[in-house]
Amino acid sequence: MSFTILGTGMAVPKYSMTNDEMSKIVDTSDEWIRTRTGIQQRRICTTETITDLTVEASLKALDEAKVDPKELDLIICATLRGEYITPSQACVIQSKIGAVCPAFDVNAACSGFVYALDVADSFFSSGKVKKVLVVGFENLSNITNWEDRSTCVLFGDGGGAVVLGEGDDLLSIHTTAKGNPDVLYAPHGENCSPFYKHESEKPHIHMNGNEVYKFAVTSMVRGIRKAVKDAGLTMEDVTYVVPHQANLRIIDAAAERLGAVPRENYLCNIQNYGNTSAGCMPIVLDEANKAGKFKKGDIIAMCAFGGGLTTGSCVIRWGK
Ligand code: ACO
């Protein structure tokens, strides 16, 4: 298929909030959060903006890829809420890094990064682009209900970016949506129209954790199996799995069902960052890349699930 990863980058806010600090805000404990989710701390924006961080991650990825921003043919940013309603976050990034190409956002919640890769694949396959910047980033602390212990302990801010060039290292990619605005949603917030007859809600994330949990485990197993099969491979061929970082228990349950790949090859950093939605996968990719974990030819299976309800899975061969 159409592309190869030329460079990765990530950026997270400086402030790391521990579970003990969280327990001063809501009725929770380090023990509950660790054992139920695996999360130990999360990064929260204080002085940084989503623009500062998406630009930082993008420049790092471009630097590693040795690609000048002016060479980019397209920028896609996966996020459910950028700095503005308009312009898109991708357009803001474009202006700040000095690129001159088309730019737009994709909103598929936690699956956004894989959706954005899928869109990039189509542009490569049609021959319209040679270099693409894909960013996945969320500032979830901005739409978190800090009085709801069942959700606020789960999320964090941060994300990353990849620069893609022409190549054949995307071996398969698959996205799904099962529209459901009830189990996981966040409203826009205030409606400014004096004519609107419905009450406005705060833009908080609402989630039925147990329903999402069931969807998550099934989706992860199904998504990875499909992506691996479509790539013409078996689980035995997979070197690393990059799972969505929503809950270590979800990852453990999926790993057990999928077999073949040792649990330590499921790359996890939820301990440090919590769930950064569309930001999770590029952060995991960049940390593993910069740590020298990936070797040329490694087979990486990725799978995300989230609001929508959406899923996205793909298999990438590491080409660097
Ligand atoms: N601290 C202490 N107690 C808590 C907390 C907390 N932070 N949150 C809930 N509890 C309590 C509940 O009130 C409940 O108490 P009760 O038994 O007295 O009623 C008890 O803990 C158990 O609650 P459950 O909801 O059953 O806890 P569970 O073990 O299922 O874990 C969790 C909840 C972590 C949310 C889990 O269901 C989960 O991870 N779900 C999936 C979330 C997910 O994957 N989201 C991804 C998409 S996010 C996106 O797209 C932006």
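A: A residue counts as buried under 20% relative accessible area, exposed over 50%, and partly exposed in between (1.4 Å probe, protein chains only). Thr144 has a relative accessible area of 5%, so Thr144 is buried.

The model is predicted: local features need pLDDT of at least 70, side-chain atom pairs count only at pLDDT 80 or more, and totals for chains, interfaces and linings use all residues. Residues are numbered from 1 along each chain as its sequence is written, and side-chain values use heavy atoms, leaving out hydrogens and water.

Where is Thr144? The loop between strand E6 (131-139) and helix H6 (149-152) holds Thr144. Helices (H or I, at least four residues) and strands (E, at least two) are DSSP runs, numbered from the N terminus. A polar atom of the Thr144 side chain lies 2.7 Å from the backbone oxygen of Leu140. That is a polar contact: N or O atoms within 3.5 Å, where within protein one must be able to donate a hydrogen and the other to accept it, and residues adjacent in sequence count only if both atoms are side-chain atoms. Contact in general means heavy atoms within 4.5 Å. Neighbours within four places in sequence aside, Thr144 is in contact with Cys152, Phe155 and His204.

Next, Ala90. Ala90 sits in helix H4 (residues 89-97). Its relative accessible area is 0%, so Ala90 is buried too. Beyond four places in sequence, Ala90 touches Ile75, Cys77, Ala103, Phe104 and Asp105. Thr51 is 39 residues away along the chain, yet its C-alpha atom is 9.6 Å from that of Ala90.

Now the sheet. It is open, with 4 strands in the order E8-E13-E12-E11 and mixed pairing. Two strands pair if DSSP finds at least two bridges between them. Strand E8 (170-177) and strand E11 (240-243) are at the edges with a single partner strand each, so one side of each lacks a neighbour in the sheet. Strands E12 (residues 299-306) and E13 (residues 310-317) run antiparallel, joined by 8 bridges. One pairs Cys303 with Ser313 in E13. Helix H7 (residues 209-230) packs on this sheet and touches E8, E11, E12 and E13.

Last, the ligand. A polar side-chain atom of Trp32 lies 3.3 Å from a ligand oxygen atom. Backbone atoms take part as well: an N or O atom of Arg149 is 2.9 Å from a ligand nitrogen, and a polar atom of Gly209 is 3.0 Å from a ligand nitrogen.

Conventions. Axes are lines fitted to C-alpha atoms, for helices over the stretch in contact, and angles run from 0 to 180 degrees between N-to-C directions.
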